[in-house]
Amino acid sequence: MILALNIGNSNITFGSYTPDGKLVFSSRLFADTALSSDELLYKMVNMLALYGAEPQEITAIIFSSVVPALTPRIREALRKMCEAPVMEVGPGLKSGVRIRMDNPTQLGGELLCAVVGALRRAEPPLVVVNFDTATTLLAVDAAGALVGGAILPGPQCSLASLVKNTAQLPQVELEAHPRRLLGTNTADCLHSGIVYGTSAMLDGMVAQFRAALHADAAPVIATGTLPASVRSCCVTEITYRETLILDGLFTIWQRNARK
């Protein structure tokens, strides 16, 4: 099996693929920067066992990371786990995506993988959205080139900041749909503001991205920790794929394994 891992600011996601691209399973771990390589190894081996898999079954590994503190520990944990060759997303690997930005090396590996995964599912032009600690929107033009994007605070980050910096605001559950738009108590007002506010932001940003791409019907492909409540409040049709980044990782592995 092919093991794909993405180390993001909030989570470590990983999935197993057959050589022909069938997703066997996927899972998620909290991205704790205090974890040692041995602790990461322990967690990954046990997660594999949960799905009835063993390290000996792994024939190749590909990973991306935007967390410098965890990157070398992941490398070490993977070396200890099995003898399969390891690819790391970065300079030297072919993604198949032209990056028309000022400094392509500044683009996080997970964002590149999200674009690659989105292009597997839809024809360009399109808008790709990744929700992690930050919300990142990326614009892909009709030629399939990444031409720019925008970064905003994620809804969970915005909520945590409000609760931390305000004396009397309670924590609310973003996965649940707000009971009403016009809240009549503090918790409902906060819940409505974060969920409906995020959805309105998405609708507005997507409309402007589509205008910039001269494509009023450009598909919107999203992944990451986007609450279903936000998606349901959006006017924009959003195709959500939880494993979009992992799909992109596998595609990049395919393109480079053929060398």
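Colleague: Is His214 buried or exposed, and what is its relative accessible area?

Modeller: This is a predicted model, in which local features need pLDDT of at least 70 and side-chain atom pairs count only at pLDDT 80 or more, while totals for chains, interfaces and linings use all residues. Residues are numbered from 1 along each chain as its sequence is written, and side-chain values use heavy atoms, with hydrogens and water left out. Buried means under 20% relative accessible area, exposed over 50% and partly exposed in between (1.4 Å probe, protein chains only). His214 counts as exposed, its relative accessible area being 75%.

Colleague: Is the peptide bond from Pro124 to Pro125 cis or trans?

Modeller: Most peptide bonds are trans. Pro125 belongs to the loop between H3 and S6. The bond that joins Pro124 to Pro125 has omega near 0° and is cis.

Colleague: How are the rings of Tyr17 and Phe250 arranged?

Modeller: The whole structure holds 3 aromatic pairs, where rings of Phe, Tyr and Trp (its six-membered ring) pair if their centres lie within 6.5 Å, and planes under 30 degrees apart count as stacked, over 60 as edge-to-face and the rest as tilted. For Tyr17 and Phe250, the centres are 4.9 Å apart and the planes stand at 20°, so the pair is stacked.

Colleague: How many residues apart are Tyr17 and Phe250, and which residue joins them in a cluster?

Modeller: Tyr17 is in strand S2 (residues 11-17) and Phe250 in helix H7 (residues 244-257), so that the pair links distant parts of the chain, 233 residues apart. Both residues are buried. Ring pairs join Tyr17 and Phe250 in a cluster with Trp253.

Colleague: Which residues does Trp253 touch beyond its own stretch of sequence?

Modeller: In the largest nonpolar core, of 30 residues, Trp253 is among those that touch the most other members, together with Ile62, Val115, Val128 and Leu249. Such a core is a set of buried Ala, Val, Leu, Ile, Met, Phe, Trp, Tyr and Cys residues joined through side-chain atoms within 4.5 Å. Contact means heavy atoms within 4.5 Å; leaving aside residues up to four places away in sequence, Trp253 touches Ile2, Ala60, Ile62 and Met87.

Colleague: What arc do the buried residues of helix H2 cover around its axis?

Modeller: Helix H2 (residues 71-81) has Thr71, Ile74, Ala77, Leu78 and Met81 as its buried residues. They lie on the same side of H2, because their arc around the axis, taken from the directions from the helix axis to the C-beta atoms, is only 125°.

Colleague: Which strands stand at the edges of the open sheet?

Modeller: The open sheet has 5 strands in the order S8-S7-S6-S9-S10, with mixed pairing; two strands pair if DSSP finds at least two bridges between them. Each edge strand has a single partner, so one of its sides is left without a neighbour in the sheet: these are S8 (146-153) and S10 (239-240).

Colleague: Which residue in the hairpin of S2 and S3 takes a positive phi?

Modeller: S2 and strand S3 (residues 23-30) run antiparallel and are joined by 7 bridges. Within that pairing, Phe14 stands opposite Ser27 in S3. The hairpin has 5 residues between the strands, and the positive phi, near 100°, belongs to Gly21.

Colleague: How far from the ring centre of Tyr240 does Arg231 lie?

Modeller: A charge sits over a ring if NZ of Lys or CZ of Arg is within 6 Å of the ring centre and within 35 degrees of the ring normal. Arg231 lies over the face of Tyr240, and its distance from the ring centre is 4.1 Å.

Definitions and conventions: Helix = DSSP H or I, 4+ residues; strand = E, 2+ residues; numbered from the N terminus.
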